[in-house]
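Please examine the sequence and the structure shown below. The explanation that follows is meant to be read alongside them.

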Amino acid sequence: MTTRDAFLGGTLTLVQPASGFRAGVDSVMLAAAVPARAGERVLELGSGAGVAALCLARRVEGVAVTGLEIQADLAALAAENAAANGLAGRVRFRAGAVEDPPPGLAAEPFDHVMMNPPFFVEGTDDAPPDPGKRLAHIADAAALARWVTCARTCLAPKGRLTAILPAERLPALLAALAKGFGGIGVFPLWPRAGAAAKRVLVGAQAGSRGPFALRPGLVLHGAGNGYTSAAEAILRGGAGLQI
């Protein structure tokens, strides 16, 4: 079973599995944080049904996006979503694992890589019963380092990596980025003013010796359950996010 969901204020309508991994706010925020420009090439690792890749392509006219997804059925669904939204000419999806990417993927290095890697380490959390969701959320302790290695292999010199992940996984990502990346910026996503961040966006540049920066971040919710105007501009209006 699938559902049909609207993103970016209805400018994208995408089909997703009714169960398993379902993209939402994280995917839109990830796409908003990629500093891509027209004419550049972007690779998404773990593209799922294509939400982040298609949000980025909708926001940045002229950017070309390739999604890599280990679940072949999701890669096929993502391709259907691209065609249904008139973006098949600039967005394509390939089935394959981050640890063993398809031949030729990095033949023409990418200007940007974006990723929403598996959140949790095996054995530390209750595994979701759905196999697709389990695959998207849980991996072994070394998986994050392997995703960073794949990103570095596929990036052009001075290319940029953008990632979103739970705040508690930030130390592991920073450790993985210590080899081959610099100019790292961490951008917290605060659920509410005064609350601890549950998610962080991280940007880094391949081959850079630039300093680390902790950014001001973004507060998602204001009074009640509504989003702040800044969050609404990204989630509904398709605005970019500088991290």
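The model is a predicted one. Its largest nonpolar core holds 41 residues, of which Met-29, Leu-56, Val-65, Val-91 and Met-114 touch the most other members. The elements that contribute two or more residues to this core are the helices α1 (25–33), α2 (51–59), α3 (72–84) and α7 (229–235), together with the strands β2 (12–17), β5 (91–95), β10 (181–192) and β13 (218–221). Helix α2 gives the most, with 7 residues. Leu-56 illustrates the packing: leaving aside residues up to four places away in sequence, Leu-56 touches Ala-31, Val-34, Val-42, Val-63, Val-65 and Met-114. In soluble globular proteins, nonpolar side chains tend to be buried together.

Helix α3 may be considered next. This helix has 13 residues and reaches 18 Å from its first C-alpha to its last, close to the 18 Å expected at 1.5 Å a residue. Its buried residues are Leu-74, Ala-75, Leu-77, Ala-78, Asn-81 and Ala-82. Seen down the axis of α3, the buried residues fall within an arc of 160°, so they line one face of the helix. An α-helix has 3.6 residues a turn, so residues three or four places apart point the same way. Asp-73, Glu-80 and Ala-84, on the other side of α3, are exposed. The cover over the buried residues of α3 includes β2, α2, β4 (64–69) and β5. Just after α3, Gly-86 takes a positive phi of about 70°.

Helix α5 (residues 143–154) can be read in a similar way. Helix α5 has 12 residues and reaches 17 Å from its first C-alpha to its last, close to the 16 Å expected at 1.5 Å a residue. Ala-143, Leu-144, Trp-147, Val-148, Cys-150, Ala-151 and Cys-154 are the buried residues of α5. They lie on the same side of α5, because they cover an arc of only 160° around the axis.

Asn-116 lies in the loop between β6 (110–115) and β7 (120–121). Is Asn-116 buried or exposed? With a relative accessible area of 13%, Asn-116 is buried. Not counting residues up to four places away in sequence, Asn-116 touches Phe-21, Asp-26, Leu-30, Leu-45, Trp-147 and Ile-164. Gly-194 and Val-219 are 25 residues apart in sequence, and their C-alpha atoms are 9.1 Å apart in space.

Most residues other than glycine have a negative phi, and most peptide bonds are trans. Leu-8, which is not a glycine, has a positive phi of about 50°. Leu-8 lies in the loop between β1 (2–7) and β2 and is buried, with a relative accessible area of 7%. Lys-158 likewise has a positive phi, near 70°. Lys-158 lies in strand β9 (residues 155–166) and counts as partly exposed, at 48% relative accessibility.

Aromatic rings close the account. The count of aromatic pairs comes to 0. Arg-41, however, lies over the face of Phe-110, at 4.1 Å from the ring centre.

Definitions and conventions. Residues are numbered from 1 along each chain as its sequence is written. This is a predicted model: local features need pLDDT of at least 70, side-chain atom pairs count only at pLDDT 80 or more; totals for chains, interfaces and linings use all residues. Side-chain values use heavy atoms; hydrogens and water are left out. A nonpolar core is a set of buried Ala, Val, Leu, Ile, Met, Phe, Trp, Tyr and Cys residues joined through side-chain atoms within 4.5 Å. Buried means under 20% relative accessible area, exposed over 50%, partly exposed in between (1.4 Å probe, protein chains only). Helices (H or I, at least four residues) and strands (E, at least two) are DSSP runs, numbered from the N terminus. Contact means heavy atoms within 4.5 Å. Rings of Phe, Tyr and Trp (its six-membered ring) pair if their centres lie within 6.5 Å; planes under 30 degrees apart count as stacked, over 60 as edge-to-face and the rest as tilted. A charge sits over a ring if NZ of Lys or CZ of Arg is within 6 Å of the ring centre and within 35 degrees of the ring normal. The expected span of a helix is 1.5 Å times one less than its number of residues. The arc is that of the directions from the helix axis to the C-beta atoms.
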